[in-house]
Amino acid sequence: MEKLPGLARSHPQIAALVLGGLSALGFQPFHLWPVGLAAVGAFGWLAWRATGWRSALLAGWLFGLAHFTITNNWIATAFTYQAEMPAILGWAAAPLLSLYLAIWPALATCVAWCAARRRGLLTFALVFGAMWIGAEWLRSWVFSGYAWGPLSMMVLGPWDRPGLAAALPFTGSYALSGLVACAAVLLAELMRSRCWLSLAGAAAALAILVYLPAGEPREGTVPLTLVQPNLGQDEINDAARFEEQFQRIAALSVPREARPNRLVLWPESGVPDYLRDGYPQRYYTQMTAGGDPAFARARIGRVIGADSLLLTGMVDLEIDMVEGRERAVAAYNSIASINPAGRLGERYAKAHLVPYGEYLPMRDWLEPLGLSRLVAGTLDFIPGPGPLSQDLGPFGRAGMQICYEIVFSGEVVDRTDRPDYIFNPSNDGWFGDWGPPQHLAQARMRAAEEGLPVLRSTTTGISAVIDARGVVRDHIGRNVAGRIDTVVPPPAPPTWFAQAGHWLTLVWAIALLALSLVAMRRAEGYPAQNT
């Protein structure tokens with residue numbers, strides 16, 4: 001370890017923690033991507049110089065612990081909007097979750113060290129990139145999955161530019177993360193070895209790619225009104241304010257000019273009423289429409305006006321007989337269309353639910369300990385079947401993804417029935433200052449890798465119209481009420497990722513491993529590490 005500089009030599013574990021924390025600054029809302037990439041690269045170089053596989057494993061875990069704790073600090077804010085558990089638990093939730101999430105960078109680092117410990121930094125960087133791809137893919141589905149914050153999120157451009165999201169159609173998010181990890185390590189080596197000319201050239205090329213203009217957009221034909229009512233999380237479940245909430249969102253939705261075939265979008269949690277018929281009457285008593293779902297639908301139809309169609313988030317109930325009485329036994333977080341006549345269309349039910357948010361895992365064990373869901377109510381939500389495209393006639397084919405679902409790369413589109421756009425209603429009022437810009441960034445990534453526009457209507461922001469390149473065409477900032485009147489951007493032809501999905505991810509991982517084998521052969525005789 002005598003060749004390691006400064007803190008890395010004296011306290012490598014502390015250095016790994018510091019670098020993990022710095023790497024999180026590469027994400028939104030700060031988006032200090034040069035800092036983030038430098039931290040990832042410095043960590044990779046530190047891990048390569050580890051004294052053994054246990055040291056490499058520990059370094060990766062400590063890096064991940066700091067990285068994920070800071071990235072996910074918005075989780076703490078969610079605990080302030082419920083009364084069942086102490087809010088201070090939120091400050092423990094993010095690091096506790098990160099104890100698990102850190103396992104994935106730890107494994108990627110350890111495997112890369114074992115493969116390259118006597119074969120040079122280039123070999124390490126290539127294996128590290130391949131393993132990072134595998135780690136992010138595994139993290140996205142193991143134990144129901146938590147895909148928030150892929151490393152590739154750092155290299156998005158500003159909102160009006162795609163940045164390296166331009167590569168997502170050919171890589172997908174997880175493969176681009178691996179390529180970023182590999183490149184960051186190699187850039188760190190250029191800095192350590194004082195190859196200033198090469199480093200300057202590489203940094204300049206990277207900056208040009210991140211800030212490259214988007215070019216002229218293609219225009220669509222379907223008129224769109226996207227609404228953000230600014231419903232604060234502290235008021236959404238207040239029955240005394242339901243009518244005022246409806247009037248607020250209705251006032252933002254009325255047609256301002258004659259626009260045939262206008263699509264209107266409302267957010268998740270945007271409708272305080274149960275809109276479906278057939279529930280026991282007691283469930284309608286707190287509705288804003290006098291306990292009558294038909295009246296509630298009809299007045300929504302009058303609000304949007306003729307030649308319009310509304311897509312909105314809503315809650316549906318699952319009713320069953322319990323001890324001789326009809327009762328709600330579960331709920332669906334869903335999307336449905338409503339036409340001017342007040343008729344409900346086909347339902348999409350959220351498939352990827354949030355553990356501890358929309359359902360309580362191991363309820364029989366955890367509820368007696370005082371733990372509960374963060375979302376109000378005792379009913380667990382139940383998942384729908386997965387991505388769905390709905391044919392809305394003149395309004396196009398709509399894919400549906402509710403809130404958190406949009407972060408799961410490769411899981412947002414029915415590949416047998418490709419839509420024209422993705423509707424992503426969300427309630428980001430839970431997520432503090434860090435969560436909404438990170439959520440928007442991940443929606444941009446889905447747009448770019450699938451080649452499909454994403455339309456985000458949120459309760460409090462950030463709502464946005466994102467085109468098929470991942471460029472934000474228009475948006476409404478946080479904590480303001482507003483609407484966007486525009487047209488739905490057109491889809492791009494199916495991308496490589498849209499056609500191959502995570503088979504393409506696997507191809508990139510194999511390609512990096514194959515290159516590492518070439519590098520191993522060329523590195524024979526390379527000075528061994530200190531072990």
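**View 1. Glu219, an exposed partner in a salt bridge.** In this predicted model, Glu219 is exposed, with a relative accessible area of 52%. Its salt-bridge partner is Arg473, and the closest N and O atoms of the two lie 3.6 Å apart. Glu219 sits in the loop between α11 (196-211) and β1 (223-228), while Arg473 belongs to strand β11 (residues 472-476), so this pair ties together parts that are 254 residues apart in sequence. Arg473 counts as partly exposed, at 28% relative accessibility.

**View 2. A salt bridge between Glu235 and Arg248.** Here the closest N and O atoms are 3.0 Å apart. Glu235 is found in the loop between β1 and α12 (242-251) and Arg248 in helix α12 itself, so the pair ties together parts that are 13 residues apart in sequence. Are these two residues buried or exposed? Both Glu235 and Arg248 are buried.

View 3. The side chains of Arg415 and Glu450 come together in a salt bridge, 3.0 Å from N to O. This pair links distant parts of the chain, 35 residues apart: Arg415 lies in the loop between β7 (397-400) and β8 (421-423), and Glu450 lies in helix α15 (residues 435-450). Elsewhere, Glu219 from View 1 returns, as salt bridges that share partners join Glu219, Asp467, Arg469 and Arg473 into one network. How many salt bridges are there by this rule? The count comes to 20.

**View 4. Gln247 in helix α12.** Now we look at Gln247, which has its place in helix α12. Gln247 counts as partly exposed, at 43% relative accessibility. Its side chain makes a polar contact of 2.7 Å with the side chain of Glu243.

View 5. Thr71 lies in helix α4, which covers residues 53-71. What is the relative accessible area of Thr71? The value is 1%, so Thr71 is buried. A polar atom of the Thr71 side chain lies 2.8 Å from the backbone oxygen of His67. Leaving aside neighbours within four places in sequence, Thr71 is in contact with Ala24, Phe27, Trp148, Trp434 and Gln438.

**View 6. Aromatic rings in pairs.** A search of the whole structure finds 17 aromatic pairs. One of them is formed by Trp137 and Trp141, an edge-to-face pair with 5.4 Å from centre to centre and 65° between the planes. Trp137 is partly exposed, with a relative accessible area of 33%, and Trp141 is partly exposed too, at 43%. Tyr279 and Tyr284 form a stacked pair, with ring centres 5.8 Å apart and 15° between the planes. Are Tyr279 and Tyr284 buried or exposed? Both of these tyrosines are buried.

**View 7. A cluster of rings.** Which residues do ring pairs link into a cluster? The members are Phe43, Phe63, Phe124, Phe128 and Trp132.

**View 8. Arginines over aromatic rings.** In one example, Arg299 lies over the face of Phe246, at 3.8 Å from the ring centre. In another, the charged end of Arg347 sits over the ring of Tyr332, 4.3 Å from the centre of that ring.

**View 9. Two buried cysteines.** Cys182 counts as buried, at 8% relative accessibility. Cys403 is also buried, with a relative accessible area of 5%. How many disulfides does the structure hold? The number is zero.

Note on methods: Residues are numbered from 1 along each chain as its sequence is written. This is a predicted model: local features need pLDDT of at least 70, side-chain atom pairs count only at pLDDT 80 or more; totals for chains, interfaces and linings use all residues. Side-chain values use heavy atoms; hydrogens and water are left out. Rings of Phe, Tyr and Trp (its six-membered ring) pair if their centres lie within 6.5 Å; planes under 30 degrees apart count as stacked, over 60 as edge-to-face and the rest as tilted. Buried means under 20% relative accessible area, exposed over 50%, partly exposed in between (1.4 Å probe, protein chains only). A charge sits over a ring if NZ of Lys or CZ of Arg is within 6 Å of the ring centre and within 35 degrees of the ring normal. A disulfide is a pair of cysteine sulfur atoms within 2.5 Å. Helices (H or I, at least four residues) and strands (E, at least two) are DSSP runs, numbered from the N terminus. A polar contact is a pair of N or O atoms within 3.5 Å; within protein, one must be able to donate a hydrogen and the other to accept it, and residues adjacent in sequence count only if both atoms are side-chain atoms. Contact means heavy atoms within 4.5 Å. A salt bridge is a side-chain nitrogen of Lys or Arg within 4 Å of a carboxyl oxygen of Asp or Glu.
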